[in-house]
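Please read them alongside the coordinates.

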Amino acid sequence: MKINKILIANRGEIAIRIMKTARLMAIKTVAIKTSLEPNAMYLSWADEIFDHTGDASEIPVFLDVEKLIHIALATNANAVHPGYGFLAESAYFAQKCLDNKIIYIGPSPDAIYKMGNKMIARKLALTSGIPMAMGSEGNISNEEEAVRIAEKIGYPVIIKAASGGGGRGMRIVRKPEEMERMFITASKEAEKAFNDPSVFIEKYIDNPKHIEFQILGDTHGNIIHLGERECSIQRKHQKLLEEAPSSALDDKLRKKMGAMAVQIAKAVDYYSAGTVEFLLDSDRNFYFMEMNTRIQVEHPVTEIITGIDLIEQQIRIANGEAVKMKQEDIKLNGWAIECRINAEDVQAGFAPDPGKMESFSMPSDPYVRIDTGIQAGSSIVSSYDSMIAKLIVRGKDRKEAIKNCKMALDKVWIKGTKTTLPLFRLIVRNQKFIDGNFTTAFIEKDLEKYYYNSDYEEMLAAWLATTLFVEENLQEKSINVDFENGKELSPWLLNKRITQF
Amino acid sequence: MNDKIKIDKLYALSSENRKFSFKLPLKNKIRIGKRDYIVQLRSDEKLGTYILWKNRKYPVEIVRSRQNKYEILFNDISYTFTVETPFSLQRLKVINSRKGMIDSEVIKAPMPGKIIEVLVREGSSVLRGEPVVILEAMKMQNEIQSPVNGRVTKVNARPGTNVMKEDVLVEIKVE
């Protein structure tokens, strides 16, 4: 059986990303229309739309295994792509697909289960000879045990959700006094997010770099890596800016870490695209962190420097094809940087700022790739993630990529919500970032504020406030604000979003 | 505004106490060094409202206003200004010099979300950096911490309830 129609069990930019490749491969796609986003952009990319707007359930359909299987069967889709998030790392969902003779575009349920359970993954890594940070033998049942084990390992330690990922259920503990509270929060967060409150403890590596390797394996036992991604620019374990390759690795270290990544993937007979995450300390020691058994948000930076379409590879592998490339065929060309433009307020602790896109335009320069599920008029709804777009920029080397990124950031035009753009404008001008001298602590420790403004921006804003005041209070006809060329405009009257303090 | 009083200047004071002065009548020119630069407020269908300055367009939005207080979103950054006349500025200086230290602090919700847990009670003493409320937003549990050392005077947050951005969660008397 070959894939001829794919149900996209996802939404937003990743749904579109998958459908773009499917279209190139002449494979039909089905997207699900939900009541939360009945006009979402991803729907326009599908060959077929399954209308699920009548469903008033509180759980999004993208998290409902039974419904998704039903939709796949009802639309005669013989394959499912889970994207990332939602059910992308659910062994149960993958198994259910197989049980119903639906091709799951991803790894085996067994690999998802083993890598998804961090305790099993740890044991696998240990037996495969992969360097690991010291940690607890198994899950921790209560605060007292947590304190006891942390004493043994030595502070700081990190509490992690056994079924976790994406930073949820994770807490760093630096002092025994903090343990009780942190243990309870992490455990509660884990239960909420993953339906599993179990947590374990690891030695916390202070100020590491986050380096991950892209893996590609097939059902014939071939596994290769496509180089690394540098994902150290993160806040509370949420990645914000990623690049490929990493300036922290030379060919020798790349080869060594890549071989380890392939080795851990082999331990679960991995096939499809996957990511092995490592921490790299200042002495260039690296430690296995976890393996993500899905396509990653940041996969485009790898695509840019390798020229390989990862979604296409996933589909081919799911069709039973062998990965034809050998490790020595993989060449890394140039440099790529991705900025995650999220609807978040960097001046208010990165609080989500959902809302409607009033105007939206993205640069179209040849060195820019935009992956987005948003267009003018779209809404960022608070039920889903706050991503607006991924701005992916290439250059012949890191210096050029940063220069291009700086230019591209000034060409992004978003009105309607606050965004992480001012943060990226700051990062690309930061000397430590430019020098490649940064760790996962960069956002929290190396930045004094989270936005960049040019010298005159605040003054121009002050001018506008003063203009408004004059219009409101002085009402002199003589006030001469020149609106030539543009439409005559009273910002006071035109602005719809105005509210009272 | 009494039109008998001649006002020749306005000041925009930022929340960080930076002062920008503008001569009246207000012009669409701003002097930098020895040169005047034209600043234009424009709007079109595609881009919405924007300011054109030195050949570059900056997205701009008026987020809130009340009396002489304006919150402006300029190129994705929020600025809050109070616009003062020379007289009101003088008055403000007098008031500020009389006012002593700020002695109470309100903790507001930094984002909309659901209160998971309230960690303090009225009368509790708190230290700077101590978490007072756990607020869940976009599936993340966030610790809202006290910015000051003090004593809790009022608790508005209730576990299980939803709050809006800027809702006052806890009030603290600085000690």
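1. The model is predicted. In chain B, the centres of domain 1 and domain 2, taken over C-alpha atoms, are separated by 33 Å. The domain assignment places domain 1 of chain B at 9–98 and domain 2 of chain B at 104–174.

2. Chain B contains one helix and 16 strands. Its radius of gyration is 21 Å, well over the 16 Å that the globule rule gives for 175 residues, so chain B is more spread out than a compact globule. Along the principal axes, the C-alpha atoms of chain B fill a box of roughly 55 × 45 × 30 Å.

3. Of the chain B contacts between residues at least 6 apart in sequence, 43% join residues at least 24 apart.

4. Chain A is assigned domain 1 (5–105), domain 2 (134–203), domain 3 (334–452) and domain 4 (458–494). For domain 1 of chain A and domain 2 of chain A, the C-alpha centres lie 34 Å apart.

5. How many residues of chain A are in contact with chain B? The count is 56 residues of chain A, in contact with 53 residues of chain B. Elements that each supply at least two residues to the chain A side include α7 (176–194), β22 (413–415), α12 (421–427) and α15 (457–474) of chain A. The most comes from α15(A), with 16 residues. By residue class, the side of chain A that touches chain B has 28 nonpolar, 17 polar and eleven charged residues.

Methods
Residues numbered from 1 in each chain as written. Chains lettered and ligands numbered in written order. Predicted model: local features only at pLDDT ≥ 70, side-chain atom pairs only at ≥ 80, totals over all residues. Domains from an automatic or database assignment. Helix = DSSP H or I, 4+ residues; strand = E, 2+ residues; numbered from the N terminus. Rg over C-alpha atoms; globule rule 2.2 N^0.38 Å. Contact = placed C-beta atoms within 7 Å. Nonpolar A, V, L, I, M, F, W, Y, C, P; charged D, E, K, R; others polar.
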